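Please look over the notes below alongside the model.

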Amino acid sequence: MSALLRLFSPAYRHALKAEAEGRYIEAARAYALCGQRRKVAEMHLLEAEKRGTAASALRELQVAAHFLAADRSAEPELLLRVGHAYLRSLQKSVLSAADRELCHEAAQLLLRSGDAQAAATAYELGGDSERAAAMYQQAGEVEKVEALLGAQEQQRRRAHAERAHFDAYRTHLELGQRDEALAALKSCLESAAIADRAEPLRLYEELKGRLLTDGVVRLRSPAPLGAAVDGAPGEAGTADGAARVQIFVGALPLRIGREPGCALPLRDPGVSREHAQIELTTDGGFALRELGAKNGTLLGGLQLHPGTSLPLRDRGEIGIGQHVTLRFQAAPSELQLELTRGLDRGLRLHVAPRPLALAFDGTERLAELHFPQGRPLLRVLTSAPWTLNGRRVPPQVQLMRGDLVELGRQRLEVL
């Protein structure tokens, strides 16, 4: 714009007045109307210097960089001022992956201004080690080049270790080796850079939440998993399919109550939070202990006093509160329970301190459940084809919530 045109341009005069009064954004708009790109960039630079936070300053510097990028004849001094301000704001910010492009913009401005060392710092801040090394070399900073190349090699090793641990996690997960999968994810987190930990951390917390460690596993099947408690094969009847869910308990004592953490949680309001428990006796049998429940516990019609226990022999009924009844059958080393009255009528439990058999038709022992350290391990005993979550796997897997096991014609969901 010629000096005469500037003299008579209302927009230019308004820009000068707004600049003098410190209204830099308004001045920038007026300068833009006059085609003064460099002045627009300068106004946004001055506005950035006024801003109290690095984030708000960065927004203004982005605009300044945009106008300077389109002006190939911009003075080195202005490029240097904007580039250094851009770099300072970036160094004060917590950078995300998307912010690396901003570091690249700052580096380009500084490179155009002739400050190769500052450009190298911007590239390094943005994670572009190769360009940063080239700029440090151009600036004659040999020690920084060596340090950067060493850090780059360490980063490559860390990335390689992270990929290896993540691949191990996926392999262990698919093969049913869940504790090993969790350990691999933990190693992946330790290897990953801070900026790359969000996804492994999410997977770690998700997997940890699905693991079963309390010696209890709930299985749901479209068909009964075994014979009824009274010895007759078949499914105890409720229309909502509660009889298709069975609980296998390999750790005693077995707590019964309204508390969700109980091995047998009961939804009836007349049941105490921790109502009763089934425990092992010294001779390897089972006993029922009363835990001071408000509405009492019955064994074969006999009221148990708080804190007392009675052995469970042969078969009979347990009354929990006023509205829940459990039918039991005690074998020498296994106890079977069936909820015959209550909201979860038809629910069955198999309790034993030893491996528990899965016999879908009541006769053939197709698989066993083991509970080392409370983890449910499924060991398949048949040569029939079977899958875990649609994949062929070894004959022993660690079950967790959400698993789907298909064994022969049977389907088991882990709840």
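1. Basis. This is a predicted model, in which local features need pLDDT of at least 70, side-chain atom pairs count only at pLDDT 80 or more, and totals for chains, interfaces and linings use all residues. Residues are numbered from 1 along each chain as its sequence is written, and side-chain values use heavy atoms, with hydrogens and water left out.

2. Helices 2 and 3. Helix 2 (residues 10–20) and helix 3 (residues 24–33) have axes that come within 8 Å and cross at roughly 160°. Helix 2 is therefore roughly antiparallel to helix 3. Axes here are lines fitted to C-alpha atoms, for helices over the stretch in contact, with angles from 0 to 180 degrees between N-to-C directions; over 145 degrees counts as roughly antiparallel. Helices (H or I, at least four residues) and strands (E, at least two) are DSSP runs, numbered from the N terminus.

3. Their contact. On the helix 2 side, A11, Y12, H14, A15, L16, A18 and E19 meet Y24, E26, A27, A30, Y31 and L33 of helix 3, where contact means heavy atoms within 4.5 Å. These residues divide into ten nonpolar, one polar and two charged. Ala, Val, Leu, Ile, Met, Phe, Trp, Tyr, Cys and Pro count as nonpolar, Asp, Glu, Lys and Arg as charged, and the others, Gly among them, as polar.

4. Helices 4 and 5. Helix 4 (residues 37–50) packs on helix 5 (residues 54–69) at an angle of about 165°, with the axes 8 Å apart. That makes helix 4 roughly antiparallel to helix 5. Residues of helix 4 in the contact include R37, R38, H44 and E47, while those of helix 5 include E60, F67 and L68. The contact comprises ten nonpolar, one polar and four charged residues.

5. The largest cavity has a volume of about 30 Å³. A cavity is a set of points on a 1 Å grid over the protein atoms alone where a 1.4 Å probe fits but cannot get out, and lining residues have an atom within 4 Å of a point; the volume is the space filled by probe spheres set on the points. The lining consists of L266, R267, D268, V324, L339, G342, L343 and D344, that is, four nonpolar, one polar and three charged residues.

6. Backbone. Most residues other than glycine have a negative phi, and most peptide bonds are trans. L252 and P253 are joined by a cis peptide bond, with omega about 10°; P253 is in the loop between strand 2 (245–249) and strand 3 (254–257). Q373, not a glycine, has a positive phi of about 50°, and lies in the loop between strand 15 (367–370) and strand 16 (377–380).

Note on methods
Angles under 35 degrees count as roughly parallel, over 145 as roughly antiparallel, 65 to 115 as roughly perpendicular and the rest as oblique. On a 1 Å grid over the protein atoms alone, a cavity is a set of points where a 1.4 Å probe fits but cannot get out, and a pocket is an open set with protein on both sides within 12 Å along at least five of seven lines; lining residues have an atom within 4 Å of a point.
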